[in-house]
Number of protein chains: 2
Amino acid sequence: MQRGTAQRRAILQALREAPGPLTAQELHELARADAEGLGLATVYRNLNELEREGRVVEVRLPGDARRYEPAGRGHHHHFRCVRCDTVFELELGCPLSMLEDVTLPGGLHVTGHELVLFGVCDACGGSASATRRDSVSGSA
Amino acid sequence: MQRGTAQRRAILQALREAPGPLTAQELHELARADAEGLGLATVYRNLNELEREGRVVEVRLPGDARRYEPAGRGHHHHFRCVRCDTVFELELGCPLSMLEDVTLPGGLHVTGHELVLFGVCDACGGSASATRRDSVSGSA
DNA sequence: ACCGTATCGAGAACGCGTTCTCATATCGCC
DNA sequence: GGCGATATGAGAACGCGTTCTCGATACGGT
């Protein structure tokens, strides 16, 4: 019956503050900062629960475990840094709105799409800066 | 060193004839038609070998096992039927050439992308989970 | 045709993400 | 504050894709 536990709050908090969707593992590490001793099973349990409640949505990227982000952020895509594997949510408008409800040659009826950009994030130094940010540090 | 076995030929043949990239499992079933008794381990072994030789390339789609397609087909994307899970290779030109080598706000330097379209293929018709109907309900 | 060796098939084993189990801790209503 | 119900943590267990093991098979140079 849906209780307000410190763990659940920490999990939602971490999801909201993240630059993009997180895996259960990442969430486990991040939310530990607020909920000491947080167990991985608890993370999974809460993610499933929150998804059923419609408060978070699952995001699947190629060759990667399930990721989750807060629900209600509308249509958008993601960027994955090939160095640190961090996934970022993109704010850009989607350049593929023409793919909403079309039928391609061959009878393929398109109803949705998924776009992922790959590259190097700022922290990993796109070309010059070697700024090294710890994506999993406990800085509140 | 590289022998010409019936199994290997059957595997390459199946990959060439497929409408899109195949998983090891799919390949196992398809190539069995030409190579009776083909083992799954053999499929994996050959895929890895063929990839090292540069004759096939790996394709990763969200929430799915590794897929493979013949190398040298140039830049293209894929379509996955949400009913039968078949993956098709798209012939369309890529509408995202502007994403070749740009830096997005936030310092995200884009070097590549991956686009997957979802929908219903011709064989599966377009009628069941319908929020919209496309009349192609035909035989199935 | 022969022989040495790469390949094969079947099944065990592995890796890893995810779920289950169960005893313990916690929440929140009375 | 007490109590029953729910959530938690640790680790075992699971599912599934992939790789390894090993005795048997078959390719291909001679």
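A polar contact here is a pair of N or O atoms within 3.5 Å; within protein, one must be able to donate a hydrogen and the other to accept it, and residues adjacent in sequence count only if both atoms are side-chain atoms.

Some ground rules. This is a predicted model, where local features need pLDDT of at least 70, side-chain atom pairs count only at pLDDT 80 or more, and totals for chains, interfaces and linings use all residues. Residues are numbered from 1 along each chain as its sequence is written, chains are lettered from A and ligands numbered from 1 in the order written, and side-chain values use heavy atoms, without hydrogens and water.

DNA strand C, then. Thr42(B) puts a side-chain N or O atom 2.4 Å from a phosphate oxygen. Arg66(A) uses a polar backbone atom, 3.3 Å from a phosphate oxygen.

Now chain A against chain B. Contact means heavy atoms within 4.5 Å. Chain A brings 32 residues and chain B brings 31. Salt bridges (side-chain nitrogen of Lys or Arg within 4 Å of a carboxyl oxygen of Asp or Glu) between the chains: zero. Polar contacts join ten residue pairs, both residues at pLDDT 80 or more.

Last, the strands, which are DSSP runs of E, at least two residues, numbered from the N terminus. Strand 7 of chain A and strand 7 of chain B, residues 108–120, run antiparallel, joined by eleven bridges. In that pairing, His109(A) has Val120(B) as its bridge partner.

Methods. Pairing = 2+ DSSP bridges. Helix = DSSP H or I, 4+ residues; strand = E, 2+ residues; numbered from the N terminus.
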